[in-house]
Amino acid sequence: APTQAAAATKAPAAGKKITLGFSQVGAESGWRTANSKSVQDAAKDAGFDLKFSDAQQKQENQIKAIRNYIQQKVDVIAFSPVVESGWDTVLKEAKDAGIPVILTDRAVDSKDTSLYKTFIGSDFVEEGRRAGKWLVDTYKDAKEQVNIVELQGTTGSAPANDRKAGFEEIIKSNPNLKIIASQTGDFTRAKGKEVMQAFLKAQKKIDVLYAHNDDMALGAIQAIEAAGLKPGKDIIIISVDGVKDGFVAAGEGKINFIVECNPLLGPQLMQAVKDVVDGKEVTKRIVTKEGVFTSEDAKRELPNRQY
Ligand code: AHR
């Protein structure tokens, strides 16, 4: 039998502003910048008191921030977990303090799903599948091995794990499609460039780059050009996100295919916060709607891009 029942969620007094504590992953990419802005703008529009902290891609910083929010007795805690594992203790502390938690963007692997109210964000496995489907289709007539290098996102993060899994699930249908090297670029431009440089040195022939985000692809493009090769032609490039700089590169033919990942989660998050505070039932999983873009689509879509 349970030893201690979790405290019930405490609603703020009537007329009092809702206080939301938000622990952001960091500022590693264009996607993240757009995501932070969306959360900050939407909190302002909703009239919430937002406490925002940047964990600089470190789990211990996020745990500290969450503990801080618990101490400050915020009404709701939301966070985008940098990695999937290791959250149960701190989430249990929030639950015992009666503070509801909402996950945004990235998931946790906790078995106890009562530790959070809902998870709002993309289906990263599906994003990986979309990247894989385009590649399978593009190389359907290939008679020889197609050498793929992969730039993974932050090690242990949901988007890195899932984008890899979804991509591999689809490309295995064609034994000619081979991942010959795969390493983390930590979702940053600098690391993407550095790791691509190493790939170009170590590998005789690279046909395709699959980057888990645009920023790493953009860094890799610099390395490819410095090596005297043409990105998008000598090496086919697939990436995920669809930020403005990614779209510009796609419009120039340097990225061949972008799988969209929508960072504008702020309005959905504020709605969920309000519902949770009002004691309404919220769906356990809120999936973001997203598309895919070829170079041609990117050219057309670029003027409408908000981020
Ligand atoms: O969690 C979403 C991912 O995190 C984005 O695809 C990437 O750019 C960001 O850093």
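The model is predicted, and local features need pLDDT of at least 70, side-chain atom pairs count only at pLDDT 80 or more, and totals for chains, interfaces and linings use all residues. Residues are numbered from 1 along each chain as its sequence is written.

**Positive phi in two loops**

- Most residues other than glycine have a negative phi.
- D105, which is not a glycine, has a positive phi near 70 degrees, and D105 sits in the loop between strand 4 (101-104) and strand 5 (118-121).
- K73 is not a glycine either, yet its phi is positive at about 55 degrees, and K73 belongs to the loop between helix 2 (59-71) and strand 3 (76-79).
- Helices (H or I, at least four residues) and strands (E, at least two) are DSSP runs, numbered from the N terminus.
- K73 is partly exposed, because 13 other C-beta atoms lie within 10 Å.

**D88 and its contacts**

- D88 is part of helix 3 (residues 88-96), and D88 is partly exposed, with 14 other C-beta atoms within 10 Å.
- Leaving aside residues up to four places away in sequence, D88 touches S110, D112 and L115, where contact means that the C-beta atoms of two residues, placed from the backbone, lie within 7 Å.
- D88 and D112 are 24 residues apart along the chain, and their C-alpha atoms are separated by 8.1 Å.

Definitions and conventions. Buried ≥ 20, exposed ≤ 12 C-beta atoms within 10 Å, placed from the backbone.
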